[in-house]
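Hi everyone, thanks for making time this morning. Let me put the model up on the screen, and then we can walk through it together.

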Amino acid sequence: MNLPEILLLGPGPSPVPPEVLSAQAAPLLGHLDPAFLSLMEGIQADLRTALATANPLTLPISGTGSAGMEACLVNLVEHGDRVVIGVNGVFGKRMAEIGRRAGGEVVEVEVPFGRPLDLEEMQHAIDDGPTRIVGFVHAETSTGVLQPLDDLLGRIKEAGALSVVDCVTSFCGAPIQLDALGIDCLYSGTQKCLSVPPGLAPVSFGPRAMAKVAERASPCPSWYLDLSLLGSYWGSERVYHHTAPIAALYGLATGLGLVLAEGLEARWQRHTKIGNAFWQGLTALGLEPAVEAGLRTPMLTSIRVPDGVDELNVRKRLRDVYQIEIGGGLGEWKGRVWRVGLMGHGARMSSVVRVLSALADALNVEGKSVSASEAIAEAERAFGD
Ligand SMILES: *Cc1c(COP(=O)(O)O)cnc(C)c1O
């Protein structure tokens, strides 16, 4: 292989620290070797710490974030269950689609891209039930909206429904106190703010979600993602289910170790501070985030493409001249925004400086007259405050 070195500042994957990369190159153990089993126990303990939960069923699914999404829904949803999904971007849509395929009667409660969910509309759809399950996305990576959790989760619990929360992008980048918030079921991924290569999806099921799984009339329609089978390998019985992705789990163990060594609070604050510095720099470049401040995720910013600027030319220039990857828009926002991720190992001032100066150059090529040094100075001033 002859691979270029690209700074990953898109919507994921994020840059991976060298410690994680070298951990994945360590000699393999058998998936039932006692040393590997103790590594698994460590991963589960660290996942519980990082999510602030005591849920015994907290484990990484072998698959990307979407496999985590599917694992939650195929285990919880039974044929005919009413499932309400909040949709404010691509990933909410995906949840709804998986809910339907799992046999649920899915009701989508949609708001335009760039907006958080409408709580009254959600309440109305839930009350129109009986609703068994309510799913929504915490940090919608297709837009960069951070959904406030408290009020919505309270309403779901009040209605006697189970909550399923997509924390793929928020995990390790924004506060999630699973038990204190009363989340019933949560899934995440490794390649966003955790900064581990894609391929694993941490999930956690609380007691009410486990009770629903235990009461199923028919077995989970997915054999690979069946939690009762997965739980027998990750639990004390250690029954073979599928061969664990050993090297990927070395990476996860190491990545979680780095997160806890930094400290969760410190890591959340770092994302907030870096996101804010980037926004100040963008303003100096005459660019505008597509989501209003206060609703915006710090780890993923959608930026409106200014009139007269070629969206794709700018991204190409960043990739080819500056070795920086940023994302384009998805769905309704295709061609209308750039998406810049400052996630995990990538959430640092050196990334902000590199991407602001590359954007300034690309905008100048597009005929806008902007100053890289002013933008960097603004970002550094905001970071120092
Ligand atoms: C990335 C992402 C997913 C999907 O994860 P994959 O690893 O691409 O399967 C789901 N939800 C959100 C919010 C994401 O950002």
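Let's begin with E374, which lies in helix α14, residues 372-384; helices here are DSSP runs of H or I with at least four residues, strands are E runs of at least two, and both are numbered from the N terminus. This is a predicted model, so local features need pLDDT of at least 70 and side-chain atom pairs count only at pLDDT 80 or more, while totals for chains, interfaces and linings use all residues. Residues are numbered from 1 along each chain as its sequence is written, and side-chain values use heavy atoms, with hydrogens and water left out.

Is E374 buried or exposed? It is exposed, because its relative accessible area is 53%, and the cut-offs are under 20% for buried, over 50% for exposed and partly exposed in between, with a 1.4 Å probe and protein chains only.

Now to the ligand. Which residues come nearest to it? There are 14 residues around the ligand, and T64, S66, T141, D166 and K192 come nearest; a residue counts as near if one of its heavy atoms lies within 4 Å. By class, that shell has five nonpolar, six polar and three charged residues.

Helices α3 (65-76) and α4 (90-101) each supply at least two shell residues, and α3 gives the largest share, three residues.

On to the polar contacts, meaning pairs of N or O atoms within 3.5 Å; within protein, one must be able to donate a hydrogen and the other to accept it, and residues adjacent in sequence count only if both atoms are side-chain atoms. A polar side-chain atom of T64 is 2.6 Å from a ligand oxygen. For S66, the distance from a side-chain N or O atom to an oxygen of the ligand is 2.6 Å. T169 has a polar side-chain atom 2.9 Å from a ligand oxygen. Taken alone, the ligand exposes 380 Å², and the protein buries 90% of that; these areas come from the Shrake-Rupley method with a 1.4 Å probe, and for residues only the protein chains shown count as cover.

Next, some loops. H138 sits between β5 (133-137) and β6 (139-140), and it counts as buried because its relative accessibility is 3%. Its C-alpha is 9.3 Å from that of F171, which is 33 residues away along the chain.

What joins G12 and P13? A cis peptide bond does, with omega at about 5°, and P13 is in the loop between β1 (7-8) and α1 (18-23).

Two backbone angles deserve a look too. C172, in the loop between β8 (162-166) and α7 (178-181), has phi near 75°, a positive value in a residue other than glycine. C172 is buried, because its relative accessibility is 3%. S195, in the loop between β9 (185-187) and β10 (200-205), has a positive phi near 60° and is not glycine either. At 1% relative accessibility, S195 also counts as buried.

Last stop: R336, in the loop between β13 (327-328) and β14 (337-341). R336 is partly exposed, because its relative accessible area is 49%.

How values were computed. Nonpolar A, V, L, I, M, F, W, Y, C, P; charged D, E, K, R; others polar.
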